[in-house]
Amino acid sequence: MHTFCYILIVFTSFFKIYAEVNDRYYPRYHLAPPRGWMNDPNGFCKFKNEYHLFYQHNPDSSLAPGDISWGHAKSKDLFHWEHLPIAMRPDQDYDRSGVFSGSAIVENDTMYLFYTGHVNHPGQSPDHEEHQALAGAQMESLLLNIKTIL
Ligand SMILES: *[C@@H]1O[C@H](CO)[C@@H](O)[C@H](O)[C@H]1NC(C)=O
């Protein structure tokens with residue numbers, strides 16, 4: 001009985017991991033998120049001797065964009081990538097339906113990310129609005145929580 005329970009635990013643990021991430025088609029070379037939906041690269045830049053690459057990302061589903069966030073990874077050689085916490089989520093009035101595409105500049109040891117804040121208005125005309133927005137960070141924490149509308 002003891003052995004049976006042990007085997008059952010190992011089996012269910014394995015099945016749980018396998019059910020979360022099916023890596024059959026997971027890229028071995030190109031950057032891909034740990035899980036979820038990915039679209040275009042954003043804010044590609046070199047900062048403090050490392051490359052940073054952001055991308056349009058829905059961490060909650062691989063089937064639909066959802067409310068798009070910016071995924072984030074960094075690399076020293078553009079081959080080995082380290083996944084970092086999601087850089088920006090749709091959490092402001094002007095980007096609540098999506099932190100859409102944008103780019104980066106680095107000046108005076110600060111990384112600035114310019115992006116389009118997207119807000120849906122279902123059933124209205126027009127049915128959405130978009131705003132140019134800016135986020136910046138001195139990147140010790142890598143959390144881009146300083147956002148503003150332009
Ligand atoms: C960066 O520093 C220079 C020199 O102090 C300054 O003129 C410039 O405005 C700074 N850039 C930003 C974006 O603050």
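**Entry 1: the pairing of β1 and β2**

I began with β1 and strand β2, the latter covering residues 50-58, and found that they pair in the antiparallel sense over seven bridges. The model I am reading is a predicted one. For F47 I looked up the bridge partner in β2, and this is E50. The hairpin of β1 and β2 has two residues between the strands, and within this hairpin K48 takes a positive phi near 50°.

**Entry 2: the sheet that holds β1 to β4**

I then followed the strands across the sheet. It is an open sheet of four strands in the order β1-β2-β3-β4, and the pairing is antiparallel. Which strands stand at the edges? They are β1 (37-47) and β4 (81-88); each has a single partner strand, so one side of each is left without a neighbour in the sheet.

Next I checked the pairing of β3 with β4. Strand β3 comprises residues 69-75, and it pairs with β4 in the antiparallel sense over five bridges. In this pairing I found that A73 has H83 of β4 as its bridge partner.

**Entry 3: H72**

I selected H72, which lies in strand β3. Is H72 buried or exposed? I counted 23 other C-beta atoms within 10 Å of H72, and the cut-off for a buried residue is 20 or more, so H72 is buried. I set aside the neighbours of H72 within four places in sequence and listed its remaining contacts: H52, F54, L84, P85, I86 and A87. I also looked at P33, which is 39 residues apart from H72 along the chain; the C-alpha atoms of the two are separated by 8.5 Å.

**Entry 4: the sheet that holds β5 to β8**

I turned to another open sheet, in which four strands follow the order β5-β6-β7-β8 with antiparallel pairing. Its edge strands are β5 (98-107) and β8 (146-149), each of which pairs on one side only.

Strand β7 spans residues 128-137, and it pairs with β8 in the antiparallel sense over four bridges. I located A135 and found it opposite K147 in β8.

**Entry 5: A137**

I selected A137 as well, a residue of strand β7. How many C-beta neighbours does A137 have inside 10 Å? I found 17, so A137 counts as partly exposed. The C-alpha atoms of A137 and K147 are separated by 9.3 Å, and the two residues are 10 apart along the chain.

**Entry 6: the nonpolar core**

I looked for the largest nonpolar core and found that it has 14 residues. Those with the most contacts inside this core are W70, M88, V99, L113 and Y115. The elements that give two or more residues to the core are β2, β4, β5, β6 (110-120) and β7. I noted beside this that nonpolar side chains tend to be buried together in soluble globular proteins.

**Entry 7: confidence**

Finally, I checked the confidence of the prediction. The protein chain has an average pLDDT of 84, and 81% of the residues score at least 70. Over residues 8-18 the pLDDT is below 50, and I found that this stretch has zero contacts in the model beyond near neighbours in sequence. Where pLDDT is low, the predicted coordinates should not be read in detail.

Note on methods: Residues are numbered from 1 along each chain as its sequence is written. This is a predicted model: local features need pLDDT of at least 70, side-chain atom pairs count only at pLDDT 80 or more; totals for chains, interfaces and linings use all residues. Two strands pair if DSSP finds at least two bridges between them. A residue is buried if 20 or more other C-beta atoms lie within 10 Å of its own, exposed if 12 or fewer, and partly exposed in between; C-beta atoms are placed from the backbone. Two residues are in contact if their C-beta atoms, placed from the backbone, lie within 7 Å. A nonpolar core is a set of buried Ala, Val, Leu, Ile, Met, Phe, Trp, Tyr and Cys residues joined through C-beta atoms within 7 Å. pLDDT is the predictor's confidence in each residue, from 0 to 100.
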